[in-house]
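Let's take a friendly walk through the charged side-chain contacts of this protein. Have the structure open as you read.

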Amino acid sequence: MNVSLTKDLSVYQLVMGVQVPPKPLSLSPATLLSLVRAQIDLLIEQQIAATLWVKLPPEKIWQSELARYQSSVGASSIIYTCQLDENEKGGAGEDDEAGEENTSSSFSSTHHVTVHLPPDSQLRRENFLMVLSPQFCSLILAHRPLKKRKNQTSGKVNTNKNQPLLIITTVEGRVIQQVLNGIQKAISNDHLPGVYAPESSPIVPTDFICPTMPEAATMSQLFTKQLLRQDEINRQIITVRTTKLQQINQELHNKEQFQDEYLKNLCQELRIPLTHIKTALSLLNSPNLKPTQRQRYLQMLNTQCDQQNSLITGLLELVQLERNLEGMVLESVRLSEIVPGVVSTYQPLAQEKGIMLAYTVPTELPSIWCVSGGLRQIVINLLHNSIKFTPNGGEVWVRARLQGDYVQLEFRDTGIGIAESEIAKIFERFYRVRTGSTEDYAGAGLGLTIVQQLLLRCGGSISVKSKLYEGSTFTVQLAIVGDTPRAIAIEHE
């Protein structure tokens, strides 16, 4: 059934137009829901077959209340659900109920009314439940005031959805009768062919008059049910808020634990070189020290100072990176412009260790996304590790190729490898691979952490394959320019 309004309709203005209108209260949607549920509870308990005029939010939690009433009272009840015309939804404004579903199919004897409203109709900012029966009449009305906030692009004045609702609930016959008369008048003029005409099929019997007030016992039951429903919703709200607070507290606790563990690890890492330095200084004070021993202890001091400097530099670099990472802008860069230069820098070190160092980076590879200077840092850290953990006479290869929507950069070595149990830990801060070798692989244990953070920002991924004493392969994938960089996925194989 279609109804075309010849003038703007506002249930709120109809209510406020009566002499001594009921006072609206600024309440939450949760309170509105408790009022609706209490009314439905009363109708079901009293088995009141009523005519309902309804315009409620489209969510199922509201519509299920009407279905609950219909299934309990049966076909003797009539529900008119007011919905916006599908063709009008586009210009409704930000507070529009334009998302409303066609709920008429939910009720076995529902009269579905499609209300044709102008884009700026006041009824769009209103929801209501009006109960009409000889035994009991009531009206619950929620009105969202129009806040004077101008849209900078369209110039339209919109309402704020975060505003509290002005809610009116009344059982006074004089108020409800005025609303009923106003609705009948708004849809009774200038009917088009096929358009519903209330003269031939009125929305309530023509002799219907709203009772002045319900019986005292009915009102007592209604108040009791409203209190019960409000208490139920309050408990639900408290439960939800408590759960959220518990989640926030747990997150803060986890963060605090992480920071404590981080600080603990940092102190341990800084203490190790200092302990070695203090030991070397004590030994240097020995009066019977031989020249060869003195030289060895001086070398120990030099090494531990370098270790301390490396650790502090790495920490500062990581802190600065994490602080600025989100603000770093992605740039287009080609591997052929970065990789050869880094490899040539490490050639002297590789030759000193007798390591064969080679690279293959085709110049036709497409550009990839990375933060400014990030690709160079990724290549330096991974290449440095490959050379450091490869014994004299070993081999290190750097290869790049196109792999689907990514450019794949591979670092493969014939080094000491990584035990399977350690692969999952190598990206942790300060973690250093432990081997049975007597060789000291000093370092801050932050290089792979920095690589991980850089890839996180530019949407790359890294995977690791390794076999103890045979070598490792680190494979980095970087999104080519033209694709939207995705979140990092760290894989361990």
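**Salt bridges and their surroundings**

At 16% relative accessibility, Arg 229 counts as buried (buried means under 20% relative accessible area, exposed over 50%, and partly exposed in between, with a 1.4 Å probe and protein chains only). Keep in mind that this is a predicted model, where local features need pLDDT of at least 70 and side-chain atom pairs count only at pLDDT 80 or more, while totals for chains, interfaces and linings use all residues. Residues are numbered from 1 along each chain as its sequence is written, and side-chain values use heavy atoms, with hydrogens and water left out.

The side chain of Arg 229 meets Glu 232 in a salt bridge, 2.8 Å from N to O (a side-chain nitrogen of Lys or Arg within 4 Å of a carboxyl oxygen of Asp or Glu). Glu 232 is partly exposed at 24%. Both residues sit in helix H5 (residues 216–284), three residues apart, so about one helical turn separates them; helices are DSSP runs of H or I with at least four residues, numbered from the N terminus. Shared partners link Arg 229 and Glu 232 with Arg 37, Asp 41, Glu 65 and Arg 68 in one salt-bridge network.

Within that network, Arg 68 pairs with Asp 41 at 2.9 Å, N to O. Arg 68 belongs to helix H3 (residues 60–73) and Asp 41 to helix H2 (residues 29–46), so their contact ties together parts 27 residues apart in sequence. Asp 41 is buried at 15%, whereas Arg 68 is partly exposed at 26%.

How many salt bridges does a search of the whole structure find? It finds ten. Another pair is Arg 174 with Glu 172, whose closest N and O atoms are 3.0 Å apart. Arg 174 is partly exposed at 37%, and Glu 172 is partly exposed at 27%.

Terms used: Helices (H or I, at least four residues) and strands (E, at least two) are DSSP runs, numbered from the N terminus.
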